[in-house]
Amino acid sequence: MKVTQILEQATQDYAVQLTARQIEQFDLYYRLLVEWNEKINLTAITDPQGVAVKHFADSLTFFNYIKNIPEGASIIDVGTGAGFPGVVIKIIRPDLQLTLLDSLNKRFLFLRELMEQLDLQATFVQGRAEAYGNDLNMRESYDFVVSRAVAQLNTLSEYCLPFVRLAGRFIAFKGGNAAEEIQNARHAVQVLGGSIKNVHSFDLPMEGGSRTLVEIEKIQPTPDKYPRNNGRIKAKPL
């Protein structure tokens, strides 16, 4: 089966129903991902079902649980890698003002061509999250921060929560066994000005595995001393 056929089947009970145009865009996304993955390491998953379920459908769960997204809201994908979940979200909601942040410039070679081919706009920021979290042009500037980065949630929160504006939300995409990780992150989230509002646990379709979305609201400004430099974050997590 083609990647788009698998994706349509996988998302038939999702909150979003894909249009013909979006299906074309996901097909193009898949083809470019596989092509570029031969040149630079973007993903270990390249088979049609794996990409359709574990990348595309996983990213689309955002819309199953996150409601009332304002027209033109700003969103930053921290550690975007090959564009998951940020580019997937943008395909569904092209009105959103998307920023893609990643530390590796070579990934932006792929992302720039991808966005051009998809006819979508984004701002590309190459560098480390903790550096830009202290940039006054970006700090506490975004309605939504999303990340599928593999860091533990207490560490990931220090990278991501400084970007969230007051009353905005940080959505962390985590694996299925996240209960202990979430409990261990509660202190860090509080220190950084956040509050864990919802934890959404679910199984991806087609035996894609268990997943968790952690929804964190920004209820007070992040103290000026955060984020710390990367060495301190790793040596002494909150």
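## Helix H1 against helix H3

In this predicted model, helix H1 (residues 3-10) packs against helix H3 (residues 48-60) at about 45°, with the axes 9 Å apart. Axes here are lines fitted to C-alpha atoms over the stretch in contact, and angles run from 0 to 180 degrees between N-to-C directions. That makes the pair oblique, since angles under 35 degrees count as roughly parallel, over 145 as roughly antiparallel, 65 to 115 as roughly perpendicular and the rest as oblique.

Who touches whom? H1 brings Val3, Ile6, Leu7 and Ala10, while H3's side includes Pro48, Phe56 and Leu60. Contact means heavy atoms within 4.5 Å.

## Helix H1 against helix H2

H1 also meets H2: their axes come within 9 Å and cross at roughly 125°, so this pair is oblique too. Val3, Thr4, Leu7 and Glu8 of H1 meet Ile23, Phe26, Asp27 and Tyr30 of H2.

## Helix H6 and its buried side

Now for H6, residues 105-118: its 14 residues reach 20 Å from first C-alpha to last, close to the 20 Å expected at 1.5 Å a residue. Its buried residues (under 20% relative accessible area, 1.4 Å probe, protein chains only) are Phe108, Phe110, Leu111, Leu114, Met115 and Leu118. They cover an arc of only 160° around the axis, so they sit on the same side of H6. Their cover includes helices H2 and H5 and strands S2 and S3.

Residues are numbered from 1 along each chain as its sequence is written. Because the model is predicted, local features need pLDDT of at least 70 and side-chain atom pairs count only at pLDDT 80 or more, while totals for chains, interfaces and linings use all residues, and side-chain values use heavy atoms, leaving out hydrogens and water.

Notes
Helix = DSSP H or I, 4+ residues; strand = E, 2+ residues; numbered from the N terminus. Expected span 1.5 Å × (residues − 1). Buried < 20%, exposed > 50% of the residue type's maximum accessible area, 1.4 Å probe, protein only. Arc of directions from axis to C-beta.
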